[in-house]
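User: I've got a new model open and I'd like to learn how to read it. Could you walk me through it?

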Amino acid sequence: SLMHPHWPFACGFACTLCTSLLAARALADDVQPAVAVKTLRDVEYANIDGSSLKLDLYLPQAPTTEARPVVVWIHGGAWRGGDKAACPAKRLVDQGFVVASINYRLSHQAIFPAQIQDCKAAIRWLRANAEKYAIDAERVGVWGSSAGGHLVALLGTAGDVDALSDASHGNADQSSRVQAVCNFFGPTDLLQMDKYALPSAPFRHDAADSPESKLIGGPIQENPDKAAQANPISYVSADDPPFLIVHGDRDPLVPWQQSQLLAEALRQAGVSCEFHRIEGAGHGFQGNTHVDTLVDRFFRQTLMEDGPPDPQP
């Protein structure tokens, strides 16, 4: 693996991903919100065998008693890198949201389902502490890119799947279900990654050392049951929340068909799903105001007074 000098982890998908993550961090840091933001960093939401799992909270600086919907950002990084510090979602504080950005155990620390168990624990913690931070516990949205897109998709389709939860992480009396999902180019059916990969793909997903294989603890094609357990499509049902899925059609790391497979399954189940394939886009949408508008509109419609979007045909 290559090591990027600005990131304390070996590249997961390729240096293209590091470039994307650095751009995301720069973009997030450059945005100056109109609303004064209070940032609470490194708040512990769970502790696993002495290892602290933390999140950052972005709140309006002005005190408020009115509960706001919350959007949770889940970072990418091939499940083995990335960090909560790069949080493009914090711009949503301007629009009336509380924003949380979480870290979770990476694949070199624990294999799947540890990652989704951690994400669910964070959702439960936010609900348990909703009154303290003026969060509306009934309006929880999630947004993630790449590996984070995969995890938010799982939160959307498997929110009620006990096999992907661990009550010992705390707040077992709280729900980990979410009310809206924004998935940027997240993997879904790991066994079909190579089937649709572009000729420019920098590695084989079926390889024993691929990010997907390291996620589940063995070569994906030799472990179809584990791959199925990690597939958000496995859990799709009619009561899943609305989805916004965005994917570039020139993504060399996660084929756009991965998003198409999920969108088709959601629509067949009658779930509201808006799928946008962005022509010419690769593994990221930095500076794409059209995509920003899609995201902002989606969360307003699903978590605020506008109501959920109509199901797509």
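Predicted model: local features only at pLDDT ≥ 70, side-chain atom pairs only at ≥ 80, totals over all residues.

Analyst: Residues are numbered from 1 along each chain as its sequence is written, and side-chain values use heavy atoms, with hydrogens and water left out.

User: Then are cysteine 119 and cysteine 273 buried or exposed?

Analyst: Buried means under 20% relative accessible area, exposed over 50%, and partly exposed in between, using a 1.4 Å probe and protein chains only. Cysteine 119 has a relative accessible area of 1%, so it is buried. Cysteine 273 is buried because its value is 1%. Across the protein chain, buried residues make up 58% of the 313 residues.

User: What does the secondary structure come to?

Analyst: Helices (H or I, at least four residues) and strands (E, at least two) are DSSP runs, numbered from the N terminus. Here the protein chain has eight helices and eight strands.

User: Why is helix H3 described as largely enclosed?

Analyst: Eleven of the eleven residues of H3 (residues 147-157) are buried, so the rest of the structure largely encloses this helix. Among them are Gly148, His150 and Leu154.

User: Which way do strands S7 and S8 run, and how many bridges join them?

Analyst: Two strands pair if DSSP finds at least two bridges between them. S7 (residues 243-248) and S8 (residues 273-278) run parallel, joined by six bridges. Phenylalanine 243 stands opposite cysteine 273 in S8.

User: What unit do S7, helix H7 and S8 make?

Analyst: A crossover is right-handed if, with the strands pointing away from the viewer, the path from the first strand over the helix to the second runs clockwise. S7, H7 (residues 257-268) and S8 make a right-handed β-α-β unit.

User: Which residues does tyrosine 45 touch?

Analyst: Contact means heavy atoms within 4.5 Å. Tyrosine 45 lies in strand S1 (residues 37-48) and counts as buried because its relative accessibility is 3%. Leaving out residues up to four places away in sequence, its contacts include Leu53, Tyr104, Asp118, Trp125 and His169. Tyrosine 45 and arginine 124 are 79 residues apart in sequence and 8.9 Å apart in space, C-alpha to C-alpha.

User: And how do contacts look across the protein chain?

Analyst: Of the contacts with a separation of 6 or more, 74% are between residues 24 or more positions apart.
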